[in-house]
Amino acid sequence: MFTVPEQFSAATKANFDAQLALITALTGKAFEGVEKFVELNLNAVKSSFEESSAATKQLLAAKDPQEFFNLSAAQAQPTAEKLLAYSRHLATIASSTQAEFTHAAEVQIAETNRKVLSLIDEVSKNAPAGSEQFVSFFKTSIDNANASYDHLTKTTKQAVEALEANLNNAVSTISQTATKAAPKAAKK
């Protein structure tokens with residue numbers, strides 16, 4: 001049978017180990033997200049440089065101002081579409097990284113809560129008579145904290161979903177506007 005100080009010492013060590021594991025996992029996920037972001041930007045810069053070079057050659061080969069403006073207008077829509085694709089990819093990276101962070105935190109919090117409740121149950125078995133109210137109060141406090149965390153998590157998820165929906169609407173609107181504007185610019 002363990003004594004109460006030994007139980008708390010073991011619980012503190014386990015909690016520290018769990019927090020270290022969480023920090024390590026979150027750091028790994030953050031680096032993965034940054035790595036994807038850097039790769040996306042490198043690809044975008046490389047592609048943009050190649051396309052700009054080709055577009056410049058086309059524009060310099062134009063025989064008259066009308067052809068120059070027609071080529072310029074024709075290049076506007078693909079550029080807008082690429083910008084929208086980049087924005088979508090960037091939003092996907094941010095969303096997936098946030099989801100991985102949330103999942104890792106939820107798993108860690110659930111495990112920590114389970115360990116704390118187990119410790120409270122074990123300590124309460126050896127608690128002196130009359131301490132039932134303290135144990136009950138402590139369990140209620142943990143339940144309230146868990147309920148608050150659940151509410152915060154749901155609210156955060158709703159905010160992220162609303163942000164993603166607004167971003168998708170903005171991208172769709174910009175895409176439609178660019179699609180409508182390109183033919184008009186080509187006519188001029």
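I started with A44, which is found in helix α1. For helices I took DSSP runs of H or I with at least four residues, for strands runs of E with at least two, numbered from the N terminus. Before going on, I noted that this is a predicted model, where local features need pLDDT of at least 70, side-chain atom pairs count only at pLDDT 80 or more, and totals for chains, interfaces and linings use all residues. Residues are numbered from 1 along each chain as its sequence is written, and side-chain values use heavy atoms, with hydrogens and water left out.

**A44.** I looked up its accessibility: A44 has a relative accessible area of 30%, so A44 goes down as partly exposed. My scale calls a residue buried under 20% relative accessible area, exposed over 50% and partly exposed in between, with a 1.4 Å probe and protein chains only. I also checked A44 against L83: the two sit 39 residues apart in sequence, and their C-alpha atoms are 9.3 Å apart in space.

**Whole chain.** I count three helices and zero strands in the protein chain. Along the sequence the pattern reads α-α-α. Of the 188 residues, 14% count as buried. I then looked at contacts (heavy atoms within 4.5 Å). Taking the contacts with a separation of 6 or more, I get 80% from residues 24 or more positions apart.

**T97.** Next I went to T97, in helix α2. T97 counts as buried because its relative accessibility is 15%. Which residues does T97 touch, leaving aside its neighbours within four places in sequence? I find K29 and G33. A polar atom of the T97 side chain also lies 2.9 Å from the backbone oxygen of I93.

**Q108.** Helix α2 holds Q108 too. I have Q108 as buried, since its relative accessible area is 14%. With neighbours within four places in sequence set aside, Q108 is in contact with A18, Q19 and L22.

**R114.** Still in helix α2, I stopped at R114. Its relative accessible area is 47%, so R114 is partly exposed. The R114 side chain makes a polar contact with the side chain of E111, at 2.5 Å. For a polar contact I want a pair of N or O atoms within 3.5 Å; within protein, one must be able to donate a hydrogen and the other to accept it, and residues adjacent in sequence count only if both atoms are side-chain atoms.

**Aromatic rings.** I paired rings of Phe, Tyr and Trp (its six-membered ring) if their centres lie within 6.5 Å, calling planes under 30 degrees apart stacked, over 60 edge-to-face and the rest tilted. That rule gives me one aromatic pair. The ring centres of F68 and F69 are 5.7 Å apart and the planes stand at 80°, so I log the pair as edge-to-face. F68 is partly exposed, because its relative accessibility is 34%.

**Largest pocket.** I worked on a 1 Å grid over the protein atoms alone: a cavity is a set of points where a 1.4 Å probe fits but cannot get out, a pocket is an open set with protein on both sides within 12 Å along at least five of seven lines, and lining residues have an atom within 4 Å of a point. Grid points are joined across faces, edges and corners, and a volume is the space filled by probe spheres set on the points. The largest pocket holds about 570 Å³ of space. I get 24 lining residues, with F8, A11, V116, L119 and I120 nearest the centre. Two or more lining residues come from each of α1 (4-60), α2 (65-125) and α3 (132-187). Which helix gives the most? I find that α2 does, with ten residues. By type, I sort this lining into 14 nonpolar, eight polar and two charged. Here Ala, Val, Leu, Ile, Met, Phe, Trp, Tyr, Cys and Pro count as nonpolar, Asp, Glu, Lys and Arg as charged, and the others, Gly among them, as polar.

**Second largest pocket.** I put this one at about 480 Å³. It has 15 lining residues, and S47, S48, E51, T79 and K82 are the closest to its centre. α1 and α2 each supply at least two of the lining residues. α1 gives the most, with eight. I sorted this lining into seven nonpolar, six polar and two charged residues.
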